[in-house]
Amino acid sequence: MIAAIALDLGSTAIKAGVLDTQGNLGGIVSLPAPPVAVDDGHYESDALAYADTADQVLQSCLVKSGLVKSGLVKSGLAQTQALPPLGLCSQRSSFLIWEQASGKPFTPLISWQDTRGDESCLALQAQEALITELSGLRLTPYFFAPKLRVVLQKNPAWLARLQRGELLAGTLDTFLIWRWTAGRHHVTDVSMAARTLLMDIHQQQWSPVLGELFGIPLGILPALKPSTALNIALNNGLTLQASLADQSAALVASVGNDRDTALVNLGTGGFVIRYLAENNLATGGYLRTLVYQDGVLPAHIALEGTLNSIAAALAPYPARDCSVDELAAEHEIFCLAEPSGLGAPYFRKDLGLQFSQPMASLTQKQIACLLLEAIIFRVVRIVEDFHRNAPVKRVYLAGGLSELVCLQQGIAQCLSQNVFRLQQKDASLQGAAMLAAGQKIASHQEAIFVEKLNNNNKLFEKYSRWKQWFDALLETGANH
């Protein structure tokens, strides 16, 4: 029996699937997301094409699962049974402005990858400590507010139209919910709002202080909702019961509410995340992430470290041919493997893809090994920092790059905690569906233990030396 359906609005693919009452995810339908045009730091795509693809994926999933007989008809979906609740998860920080009357996009869908917010970050640099304290985030162009500030400054007439309600603004989830309800709901959930740099993470409300700093009136923003028990009736016959950020949904599916576990997701980029201890709110420069809020209990808050563009760093090299035994062969060559700059807690654009020595004498495979070491070492450093905040008892690995046995074993070799490789695919879909169904959330058990290789400590020994090199690099950069 089907308990819920979920839709994942990803950057590269849009997916839907159904969750049965035993917790199994199936009936998955996936289509590529519309292409993103890149031009001088601008990352833009067609919001209507995105919405149409999302509708197509959702409809195909319903038909494939036997929930509807055919496609959309005038009276709604041709149902074969009562439709299950819908859970939605969305890429964070991608947004657009659209016309209230016609529903047509007024701007392209501006991706979370877009860097036009750089000038906002430079202008507000003196206020960064205040912004971080209120939002839990660092001041970077990744987020919604810096980009929207630039868009409105370059188009001042748009702000007046937004304030009159002629135009609407919001992240991708907001746009689709608005379309699916014929304009009745201009909303977002707190996990998405928490990634805008406009929400007070302590109060879970839009912040007047942050709105004023960015020049964004709070009245133009969508209404804030909890992540679950939404009970929003959609025009396609479904009822939206859960909506949250994609990484939040992945955490829910992977570790449930387990506060002793850190999740390491290694894909296009990477992140390490674990729930924040309630009695210890110190973040050490890491991001404070609102995972989800069920409307009754306090919001679930997590600590997050990020690795930027690691797949791009590895792409030119034969990383899949490397074994853990080949790591640390180049004993005194260290590197960083984040081409777009170091992620949290550093956010250093001046430090990204670099090596401590010239690479001319090294083979492509040797360079691949050094890059893999850099990813391993950054992950291990983050977990160590998290462990100081509150004990981490186990580490779960997920994401496409975590399928590399070399990375799995390297991380296990350097950590004192037990390391497991999660087996489930489409964790974001699974988490969104679980919350929509109201299922009791428990730690995911479909994981394979990664055995430590006890016969060789050279990688851990190199990690100790890498930390010294890395700390000196951070200090040298800070002094320039």
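This is a predicted model: local features need pLDDT of at least 70, side-chain atom pairs count only at pLDDT 80 or more; totals for chains, interfaces and linings use all residues.
What share of the contacts in the chain between residues at least 6 apart in sequence join residues at least 24 apart? The share is 71%.

## Overall dimensions

The chain has 480 residues, for which a compact globule would have a radius of gyration near 23 Å; the value for the chain is 22 Å, which agrees. Taken along the principal axes, the box filled by the C-alpha atoms is roughly 65 × 50 × 45 Å.

The secondary structure consists of 14 helices and 26 strands. Of the 480 residues, 56% are buried.

## Helix 1 and helix 6

Helix 1 spans residues 47-64 and helix 6 spans residues 172-180; their axes come within 11 Å and cross at roughly 65 degrees. That angle makes helix 1 roughly perpendicular to helix 6. The crossing of the two is right-handed. On the helix 1 side, the contact involves Ala 47, Leu 48, Tyr 50, Ala 51, Asp 52, Ala 54 and Asp 55, and these meet Leu 172, Phe 175, Leu 176, Arg 179 and Trp 180 of helix 6. By class, this contact holds 9 nonpolar and 3 charged residues, with no polar ones.

Helix 6 is largely enclosed by the rest of the structure, because 8 of its 9 residues are buried. The buried residues are Leu 172, Asp 173, Thr 174, Phe 175, Leu 176, Ile 177, Trp 178 and Trp 180.

Just after helix 9 comes Gly 256, with a positive phi of about 60 degrees.

Helix 13 (residues 427-437) packs against helix 9 at an angle of about 80 degrees, the axes being 7 Å apart. The two helices are therefore roughly perpendicular to each other. From helix 9, Asp 246, Ala 249, Ala 250, Val 252, Ala 253 and Ser 254 take part; from helix 13, the partners are Ala 427, Ser 428, Gln 430, Gly 431, Ala 432, Met 434 and Leu 435. The residues of this contact comprise 8 nonpolar, 4 polar and 1 charged.

## Backbone details

Ala 182 follows helix 6 and is found in the loop between that helix and strand 12 (187-189). Its phi is near 55 degrees, a positive value in a residue other than glycine. Ala 182 is exposed, with a relative accessible area of 56%. Asn 231, in strand 16 (residues 228-233), also has a positive phi of about 55 degrees although it is not a glycine. At 56% relative accessibility, which is over the 50% cut-off, Asn 231 counts as exposed.

The peptide bond from Ala 344 to Pro 345 is cis, with omega near 10 degrees. Pro 345 is located in the loop between strand 22 (335-337) and strand 23 (353-355).

## An exposed loop residue

Gln 203 sits in the loop between strand 13 (199-200) and strand 14 (205-206). Its relative accessibility of 55% makes Gln 203 exposed. Ser 135 is 68 residues away along the chain, yet the C-alpha atoms of Gln 203 and Ser 135 are separated by 9.9 Å.

Conventions. Residues are numbered from 1 along each chain as its sequence is written. Side-chain values use heavy atoms; hydrogens and water are left out. Axes are lines fitted to C-alpha atoms, for helices over the stretch in contact, and angles run from 0 to 180 degrees between N-to-C directions. Helices (H or I, at least four residues) and strands (E, at least two) are DSSP runs, numbered from the N terminus. Angles under 35 degrees count as roughly parallel, over 145 as roughly antiparallel, 65 to 115 as roughly perpendicular and the rest as oblique. A crossing is left-handed if the near helix is turned anticlockwise from the far one by less than a right angle, and right-handed if clockwise. Contact means heavy atoms within 4.5 Å. Ala, Val, Leu, Ile, Met, Phe, Trp, Tyr, Cys and Pro count as nonpolar, Asp, Glu, Lys and Arg as charged, and the others, Gly among them, as polar. The radius of gyration is taken over C-alpha atoms; the globule rule is 2.2 Å times the number of residues to the power 0.38. Buried means under 20% relative accessible area, exposed over 50%, partly exposed in between (1.4 Å probe, protein chains only).
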